[in-house]
Amino acid sequence: MAPSGTTWRGGALMAQMNIIQAVNSAMHTMFERDETVVSFGEDAGFYGGVFRCTSGLQEKFGKHRSFDTPLAEGGIMGIAIGMGMNGLRPVAEIQFADYIFPGFDQITNELAKLRYRSGGEYSAPVTIRTPCGGGIKGGHYHSQSPEAYFTHTPGLKVVICSNPYDAKGLLISAIECNDPVIFFEPKRLYNGPFDGDHTAAMVKWDTHPKGEVPEDYYNIPLGKAEIVRPGKDVTILCYGTMVHVASAAVENSGVDAEIIDLRTLVPLDIDAIENSVKKTGRCVIVHEAPRTSGFGAELMSLVQERCFWHLEGPVQRVTGWDTPYPHSLEWDYFPSQARIAEAMKTTMED
Amino acid sequence: MGEDENSNLHVPVPPHREGGTTFPSPHEIPAGHHEKPDIDCQGSQTREIAYGLLRVLNDEDEAVGAWDPGLDADTLRQALEHMVRIRAYDDRMMKMQRQGRLSFYMKCLGEEAVSVGAAMAMENRDIVIPSYRQQGLLFVRGRNLVDMISHCITNSNDNVKGRQMPVHYSWKEGNFVSISSPVGTQFPQAVGAAMAFAYRGEDSIACSWLGEGTAAQGDFHYGLNFASVYKAPCVLVIVNNQWAISTHRNLAHGGSSFAARGIPYDVASMRVDGQDFLAVYAAHKWATERARAGHGPTLLEMYTYRGDSHSSSDDPSIYRPGDEYDSWPLGDPVDRLKAHLVKLGEWDDEKHTALEAQCKEEIIAAYKEAETHGTLKDGPFPPVSTLFEDVYEKEPWHLLEQRGEVGL
């Protein structure tokens, strides 16, 4: 896929990319570098995936390296494990994160535990790529954010990107990682940063600084968060689409908030969280997934355990409701700028 | 019995809980009955064997028919030795379990030929992803007995560091993949491992086992379909030992043979007399050569009988007749191979008794040596620090912190 417009920056050839192109670029980069890397999934071969993230791989590298699979996520995960334990570095696509559950046993009982249960004899460096999250009128089977099921499983690493630059750098690290990684791609962000205002005109990545992506190899280490916006009044912990919703909420509210894009949920960048909350004394946690037992509960526990004597107000959570993800009432479910602003206000007032 | 005559729901029950010897009829198919198709045949050309029964040893203990693998006497004696040794090992380990020196154990009585025949028909470079009753693979591939026992008593010499229940062996050197308890998951994994061999253009294969009860799992069908679609060089084995704990095979299917499930997938499929070492060996040899030559997967149903309890935690006298194994019409794999060798003039009772005694001694000696690395009761166990190892390649901060909480 030829990205539009390239420039040289700091010795690197840079191109404007959206997340689809960035993921695709990461795949092409890794296919070039390592012939043990293979890619497969439903519609992921010839067609290049329903979101086109694996486009061009089959044409360029052959159908033995990028291929279509039967419609069976349990089978996809099973063969990925078998390939991974036998010398390959598979990147398996689950078409929507909502459809990962038929593969759940293979992921949580087999893939995650293989290294441990074999005393370190066997392991499978599998990367599972899957589009997640809502904001696309996808109803409850094309909108879910199931990250907490996997952060709760020892042995898995869990990554979620929020922009094209990170998508490529993090995916390359995930593929190179010798542990299994679940790589979530927030599909509402594929074509542009979405700030939660569904009535506004679609914004593309062209004008966003993170839409400029090196053409060649680079990586972003797993386990490192990014301070998206420094601030001193309140820390906002978020990831995926919520990074952009929170950023807009902060800009529109005038609060001097520090926004942290976690990028990797396991292992978590605890130092970034601790340093920030100790500085601001206040914390708001934002995610799309339902609240009860969501990853926000873990974040809140960690903040309480580590920053309690620095806290000046109760930690707030802004999340999806504890309901299935709705269709027509999507915007009543989806965490909004207004709810984030309200949470900041609550923690600042108390 | 609490039966409701107004209910039309059919729930099958085993045919003979209280005793008796009514078995389904495949054993009536005589040895030597089936033709041997070419290894490059269509899956559908194996249909007759999928519904029939592949047998080589006849009632007169002779090897007959197209499937006779023509093994020499030394090889047959080697197979018999493996089976006798496995039986001695199982007996000793179960005895130790009864004395509280193992937390758990699973014997493979009656199923020895299933794994010995398979392993002898393969090369050691072929990956095996077994279920929990194929300890025979380890014996044929030459795993050290002390290491096996050390795993089962989870002492400091356990290569899986005490993390698994007994009999969940892992042995990478022997291409024996770590056993996991969830049943059926290994089939699609074996297909993936086989696809990796094919991807690299190597001619090694993958082989995997599950029970007939597990043939009800989605993973069984995922594995079969993926194997068929990608013509993966693998051999998938259903060990139909009639019982999944207390669940009789007639709750795993509504009839027909289990091997027949491969036919609509166009996977070469055969039902094999699992008590007949020569039939097991011949079927695996055929399937392995077919896979190696790039002609795709084979599904084998090993028609056998679980001669003992499911595990040390199970009491089969509650749900099946105690003498059922003695009545099993296809007999016992050790007895049958022994009788064949005797018939050939290559073995006798005296040698057999001596072999049994020798194996028993070996196992007792190995057990004693294993206990020098620690016992289940007194240890030493793997150091507590190993608790946090191998979750990831490198321990992330949260595990280092938790390690710190226990003072390590």
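**Exercise 1. Find which element gives the most residues to the lining of the largest pocket.**

Solution. Start with the terms. On a 1 Å grid over the protein atoms alone, a pocket is an open set of points with protein on both sides within 12 Å along at least five of seven lines, and lining residues have an atom within 4 Å of a point. Helices (H or I, at least four residues) and strands (E, at least two) are DSSP runs, numbered from the N terminus. The answer is α10(A), which gives 7 residues.

This is a predicted model, in which local features need pLDDT of at least 70 and side-chain atom pairs count only at pLDDT 80 or more, while totals for chains, interfaces and linings use all residues. Residues are numbered from 1 along each chain as its sequence is written, chains are lettered from A and ligands numbered from 1 in the order in which they are written, and side-chain values use heavy atoms, with hydrogens and water left out.

**Exercise 2. Describe the largest pocket by volume and lining.**

Solution. Step one is the volume, the space filled by probe spheres set on grid points joined across faces, edges and corners. For the largest pocket this is about 620 Å³. Step two is the lining: 26 residues, of which Thr151(A), Val266(A), Glu298(A), His398(B) and Gln402(B) are the closest to the centre. Two or more lining residues come from each of α6 (147-151), β13 (264-266) and α10 of chain A, and from α12 (397-405) of chain B. Step three is the class, where Ala, Val, Leu, Ile, Met, Phe, Trp, Tyr, Cys and Pro are nonpolar, Asp, Glu, Lys and Arg charged, and the others, Gly among them, polar. The lining has 13 nonpolar, 8 polar and 5 charged residues.

**Exercise 3. Describe the contact between chain A and chain B.**

Solution. Count the residues in contact (heavy atoms within 4.5 Å): 49 of chain A meet 45 of chain B. Next take the buried area, the accessible area (1.4 Å probe) that two parts lose on being put together, summed over both. It is about 3700 Å², with 59% on carbon and sulfur atoms. Then look for salt bridges, in which a side-chain nitrogen of Lys or Arg is within 4 Å of a carboxyl oxygen of Asp or Glu. The two chains have 1 between them, joining Glu401(B) and Arg306(A) at 2.4 Å, N to O. On the side of chain A that touches chain B, α3 (73-85) and α10 (295-307) are among the elements that each supply at least two residues.

**Exercise 4. Explain how Glu81(B) and Arg85(B) are placed along their helix.**

Solution. Their side chains form a salt bridge (3.7 Å, N to O). Both belong to helix α2 (residues 73-98) of chain B, and because they are 4 residues apart, about one helical turn separates them.

Technical notes
1 Å grid on protein atoms, 1.4 Å probe; cavity = no way out; pocket = protein on both sides within 12 Å on 5 of 7 lines; lining within 4 Å.
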